[in-house]
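Dear colleague,

Please find below the structure I wished to hand over to you.

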Amino acid sequence: MNLRKLLSFCVVASVLIACSTVPLSGRKQINMLPESTLIGMSLTEYKSFLAQNPPIPTSNPEAEMVRNIGAKISTSVIKYMKQTNNSKRIEGYKWEFNLVNNNTPNAWCMPGGKVVVYSGLLPLTKTEAGLAFVMGHEIAHAVARHGNERMSQGLITQMGGVALDVALSEKSAQTRALFSTAYGLSTTVGAILPFSRLHETEADQMGMIFMAMAGYDPREASAVWERMSSAGGPSVPEFLSTHPSDQTRINNIKEFLPEALKYYKP
């Protein structure tokens, strides 16, 4: 067996070993990196971010709201993962929820349960239920290990047959760059981009269930995206966007609603 065939065999074998199933959707995915490694990398990035963007104190009503919503949703995630025999997916999670002063309408959740909401998001979410949907969506990305999946794709396409331990040690700079790309900084149209749109749809579906289990009305989800659509600038063509188009997303959310309502108890 020549070197090229050997490397190809190693990559295929690694992919087969790393296959897992996304909760709820049942889709097969590739997660080549140990989740504990990503949690460690996330903690470093999270601490660095907060050092430059101090959280708004909990004495602030909006910051307290973020933490209260987060506490309820994390409880629903733990419950749902236990009910579906997926508790191992959130091993090592130590949940934290912070609001930071930033006018960008954004929020994110890193592996390990570190959640940050930007103050610029609140005028669009408006209600607690609206914010619960966005936070549930971001938490769903982490629970579904979408970042791990994108990094795994990057390891395969950019590093070829390089062994995982080499990628994490000798090629740490490239691996850190993949980490940044996997958690929101991709501009490439190609193999990774369609998965990103798929990830957004999965996160909407899972996030609606998480918010419903936490006691928030999932019918607010479509209202949030209608507000975001109205507030947005010129539309980006859907095939060039890492997110589904606004109308596609609203339509998908409405399709997910009957299932999410089964979990909702006001």
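Helix H3 lies across strands E3 and E5 and runs at about 150 degrees to E3. Here, helices (H or I, at least four residues) and strands (E, at least two) are DSSP runs, numbered from the N terminus. Axes are lines fitted to C-alpha atoms, for helices over the stretch in contact, and angles run from 0 to 180 degrees between N-to-C directions; contact means heavy atoms within 4.5 Å.

Please note that this is a predicted model, in which local features need pLDDT of at least 70 and side-chain atom pairs count only at pLDDT 80 or more, while totals for chains, interfaces and linings use all residues. Residues are numbered from 1 along each chain as its sequence is written, and side-chain values use heavy atoms, with hydrogens and water left out.

The sheet

E3, E5 and E4 form an open three-stranded sheet, in the order E3-E5-E4, with mixed pairing. Its edge strands are E3 (96–100) and E4 (107–110), each of which pairs on one side only. From one strand to the next, the twist averages 15 degrees. Two strands are taken to pair if DSSP finds at least two bridges between them.

E3 pairs with E5 (residues 114–118) in the parallel sense, over five bridges. Glu96 has Lys114 in E5 as its bridge partner, and Asn98 stands opposite Val116 in E5. E4 and E5 run antiparallel and are joined by four bridges; Trp108 stands opposite Val116 in E5. The hairpin of E4 and E5 has three residues between the strands, and in it Gly112 takes a positive phi near 105 degrees.

How enclosed is E3 by the rest of the structure? Four of its five residues are buried, so E3 is largely enclosed. Buried means under 20% relative accessible area, exposed over 50%, and partly exposed in between (1.4 Å probe, protein chains only). E4 is covered on both faces, with Ala107 and Cys109 buried on one side and Trp108 and Met110 buried on the other.

The helices against the sheet

H3 comprises residues 61–83. Its 23 residues reach 33 Å from the first C-alpha to the last, close to the 33 Å expected at 1.5 Å a residue; the expected span is 1.5 Å times one less than the number of residues. Buried residues in H3 include Ala63, Val66, Ile69, Gly70, Ile73, Val77 and Tyr80. At the start of H3, a side-chain oxygen of Asn60 comes to within 2.8 Å of the backbone nitrogen of Glu62. Asn85, which follows H3, has a positive phi near 60 degrees.

Helix H5 (residues 128–143) lies across E3, E4 and E5 and runs at about 30 degrees to E4.

Leu24

Leu24 is found in the loop between strand E1 (19–21) and strand E2 (28–30). Its relative accessibility is 31%, so Leu24 counts as partly exposed. Not counting residues up to four places away in sequence, Leu24 touches Tyr80, Gln205, Met206 and Ile209. Leu24 and Met206 are 182 residues apart in sequence, but their C-alpha atoms are 7.1 Å apart in space.

Confidence

The protein averages a pLDDT of 79, and 72% of the residues score at least 70. pLDDT is the predictor's confidence in each residue, from 0 to 100. Over residues 161–165 pLDDT stays under 50, and the model has eight contacts for them beyond four places in sequence. The pLDDT is also below 50 over residues 184–195, a stretch with 17 contacts in the model beyond near neighbours in sequence.

With kind regards

How values were computed: Polar contact = N/O pair within 3.5 Å; in protein donor to acceptor, adjacent residues only side chain to side chain.
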